[in-house]
Amino acid sequence: MKVTLLGDSIRLMGYGPLVPECLGDDFEVFQLETNGRYAKHTFRDLYDFRNDIAGSRIIYWNNGHWDACDLFGDGPFTSEEDYVKDMLRLSDLLLSRYEKVIFSTTPPVKEDSAIFSNERVVRYNNLIVPLLKEKGIIIDDLYTLVASNIDAYVRDSDKVHLTEAGGQACAEHIADCIRRVADSMDAVGTSDAGTSSNYEWYHEKQD
């Protein structure tokens, strides 16, 4: 089964390189060798890399840190209103082309970051997650996973990117999520593509 990983440098520098090995030979994994940055950037990537992504049945996707960061002290890079608008447009495109879409919540940062803030991370997560769930997108809660051991999982050097241990923990978690969603597709067929039932099923299994 072909899977595409989309998103920012949390993917590129963290879990992305490790997910293919965690998934094993039953999965073909495509991901960009560039940073998807903010939601509008990832939207453009869907055009530029459309031929590479073609044939994917599952999309695993994150955008949030770039949108929520405050680079110059004048407010978030992407306003809340524009973040919601961009993410919903992106989600509609993904849902129209691929059978299952999984969105990862934006993970926490270390509090002494100069441009990132957990208050904004949580606010942006809370803004978009309910709207994506309504559309049938599966939500994978990386925020809670990383927060459970943030000292070990997030780098001291930049306060945002994953450490080696954090990348490995996230990769194993993501691979398990993707594998369970794939198994559910094989079990029930694809007639339920776009529903949120697999999100509930996955998290019940995790309890």
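Here are a few notes on one strand and on the cysteines of this predicted model.

1. Start with strand β1, which covers residues 2-6. This strand is mostly covered, with 5 of its 5 residues buried.

2. Which residues of β1 sit on each side? Lys 2, Thr 4 and Leu 6 are on one side, while Val 3 and Leu 5 are on the other. Both faces are covered, and each of these residues is buried, Lys 2 included.

3. Now for the neighbours of β1. Strand β2, residues 28-31, pairs with β1 in the parallel sense, over 4 bridges. If you want a spot to look at in the 3D view, take Lys 2: its bridge partner in β2 is Glu 28.

4. Strand β3, residues 58-61, also runs parallel to β1, and 4 bridges join the two. Here you can look at Val 3, which stands opposite Ile 58 of β3.

5. On to the cysteines: how many disulfides does the structure hold? The count is 0.

6. The cut-off for a disulfide is a pair of sulfur atoms within 2.5 Å.

7. Cys 177 is in no disulfide either, and its nearest cysteine sulfur, that of Cys 170, is 12 Å away. Is Cys 177 buried or exposed? With a relative accessibility of 0%, Cys 177 counts as buried.

Notes
Residues numbered from 1 in each chain as written. Predicted model: local features only at pLDDT ≥ 70, side-chain atom pairs only at ≥ 80, totals over all residues. Heavy atoms only, no water. Buried < 20%, exposed > 50% of the residue type's maximum accessible area, 1.4 Å probe, protein only. Pairing = 2+ DSSP bridges.
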